[in-house]
Amino acid sequence: MPHQTPRSADPSPGSDHAEITSRKVVGLSERLDPADDSLTTWSERYLDLAVRGVRSAEVAGKITRHLARFIAWMTSGLGHDRLSAVTPREVAVWRDHLAAAGNPGRDGKGEPMAAATVNNHLAHLSALFTWITAHAPAGLLRHGDPTKKVTALPLPTPQVRALAAAQVRTIKNVVDRIETFHELKGRRHRGTSARVHAHARPVRDRAIIYLLFGTGLRRAELVGLDLQQLEPADPDRLRQVKKARLTGVRGKGRTSRTVFLGRDARQALADYLEYERPGDAAASTGPAALFLSAASIAARHPDGRMSPRSINTIVSEIGRLHDAQMLDPDRKFGSLRPHDARHTFAFQLSQASGHNRAELERRLGHANDRYLRLYTNPPDDIAASYVEDL
């Protein structure tokens with residue numbers, strides 16, 4: 001049977017030229033509205049429809065900042081913010097940039113970001129593109145979600161920060177004497193009854209420290225507490241009732257849990273509610289926060305609620321006072337952070353409950369195996385004692 005050449009392959013002199021010249025590259029800008037190819041526009045749509053009013057104000061602010069950093073990176077590098085130009089390569093280079101110098105320092109030069117922070121940026125960018133993929137017109141993301149092929153950075157092994165029993169004892173000793181560290185000590189105050197600085201709230205700070213070490217609350221959870229969550233809220237009853245608790249504690253991932261209060265936390269909270277909080281509450285408006293900033297502070301929020309950063313300051317100051325009292329350098333902290341109290345509580349709870357996983361999940365509001373295993377790790381002095389005689 002004779003071979004037949006396909007009609008499309010006929011070497012007609014003018015046909016190839018006509019076919020080639022008739023082809024036309026159609027850009028997105030000609031098929032879609034220019035706003036549809038704007039990363040800035042899609043980011044704002046996403047924030048308005050899926051983030052603001054849905055997530056907490058703190059989380060929404062963080063997502064907004066992270067997306068703004070990526071848009072600024074794209075715009076400065078490519079000269080535009082076209083959504084169609086976002087490729088896995090661009091996302092991967094941005095990830096590496098954040099890890100190398102993505103955190104602006106005080107001197108204006110970039111400083112490395114921690115791997116967990118970089119991965120948090122990637123997670124927020126991935127959520128944006130997942131949303132865009134579901135709502136974008138056909139053909140906008142021709143190659144699919146550009147974040148799917150970009151891997152997160154490996155996280156370092158979490159370090160145990162639980163304090164040894166001797167350190168916890170000296171911390172409590174400092175906190176029990178906290179009023180003496182806030183007393184006015186100038187010459188004009190000699191011979192007068194001891195008074196503390198106007199902004200100082202030693203009884204409140206004592207309650208915060210005992211609550212952190214006795215409940216494992218995160219700093220954001222602590223400042224988010226309202227007075228109505230405390231049962232009972234009457235100082236006299238709080239000192240007597242052993243099953244005093246904080247209800248509806250809002251944690252990560254929209255979790256909610258009940259937190260029971262130990263003896264030290266109950267006593268410290270009762271003292272604060274009786275002696276210091278009433279004066280600051282009188283100058284507050286809005287929901288009744290459990291812990292209030294001093295009413296004498298000019299920059300105080302109208303409702304008096306403290307910020308998470310203020311908890312860092314209080315805990316750091318307690319650590320500094322602790323180290324100043326220590327003659328043994330091995331017992332000094334160098335720095336004390338709110339999460340150290342959470343690790344300490346978690347290890348003690350793990351020991352007291354016989355490593356009961358369900359109890360750890362309920363009281364810590366954390367179901368991640370990676371962190372639950374971390375919380376059961378002992379402080380160095382206990383770990384060293386395990387192998388002393390082996």
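## A buried serine

A residue counts as buried when its relative accessible area is under 20%. In this predicted model, Ser38 has a relative accessible area of 12%, so Ser38 is buried.

Ser38 sits in a loop. That loop runs between α2 (28-31) and α3 (39-51). Leaving aside residues up to four places away in sequence, Ser38 touches Asp81 and Leu83. With Asp81 there is also a polar contact: the two side chains meet at 3.2 Å.

## Helix α4

Helix α4 covers residues 57-78, 22 residues in total. From first C-alpha to last, α4 reaches 31 Å. That is close to the 32 Å expected at 1.5 Å a residue.

Which residues of α4 are buried? They are Ala60, Ile63, His66, Leu67, Phe70, Ile71 and Met74. These residues cover an arc of only 135° around the axis, so they lie on the same side of α4. Their cover includes α3, α5 (88-101) and α6 (115-135). The face turned away from the buried side carries Ala57 and Ser76, which are exposed. After α4 comes Gly79, with a positive phi near 85°.

## Helix α7

Helix α7 spans residues 165-176 and has 12 residues. Its first and last C-alpha atoms are 17 Å apart, close to the expected 16 Å.

The buried residues of α7 are Gln167, Val168, Thr170, Ile171, Val174 and Val175. Seen down the axis, they fall within an arc of 165°, so they line one face of the helix. On the other side, Ala165 and Arg169 are exposed. Among the elements covering the buried residues of α7 are α8 (178-181), α9 (202-215), α14 (308-325) and α15 (338-352).

The largest nonpolar core has 42 residues. Which of them touch the most other members? The answer is Leu211, Leu246, Leu269 and Phe291. The elements giving two or more residues to this core are α7, α9, α10 (219-223), β4 (245-250), α12 (263-275) and α14. Of these, α9 gives the most, with 8 residues.

Leu269 shows what such packing looks like in detail. Not counting residues up to four places away in sequence, Leu269 touches Ala207, Leu211, Leu230, Leu238, Leu261, Leu290 and Phe291. A second core is separate and has 29 residues, including Trp42, Met74, Val118 and Leu128. Met74 is also one of the buried residues of α4.

## Arg266 in helix α12

Arg266 belongs to helix α12. Is Arg266 buried or exposed? Its relative accessibility is 10%, so Arg266 counts as buried.

Arg266 touches Leu238, Val241, Lys242, Ala244 and Leu261, again leaving out residues up to four places away in sequence. Arg239 lies 27 residues from Arg266 along the chain, yet their C-alpha atoms are separated by 5.9 Å.

Strands of a sheet pair through backbone hydrogen bonds, either parallel or antiparallel. Here, an open sheet of 3 strands runs in the order β3-β4-β5, and its pairing is antiparallel. The edge strands are β3 (230-231) and β5 (256-260), each pairing on one side only.

How many bridges join β4 and β5? There are 4, in the antiparallel sense.

Notes
Residues numbered from 1 in each chain as written. Predicted model: local features only at pLDDT ≥ 70, side-chain atom pairs only at ≥ 80, totals over all residues. Heavy atoms only, no water. Buried < 20%, exposed > 50% of the residue type's maximum accessible area, 1.4 Å probe, protein only. Polar contact = N/O pair within 3.5 Å; in protein donor to acceptor, adjacent residues only side chain to side chain. Contact = heavy atoms within 4.5 Å. Expected span 1.5 Å × (residues − 1). Arc of directions from axis to C-beta. Core = buried A, V, L, I, M, F, W, Y, C linked by side-chain atoms within 4.5 Å. Pairing = 2+ DSSP bridges.
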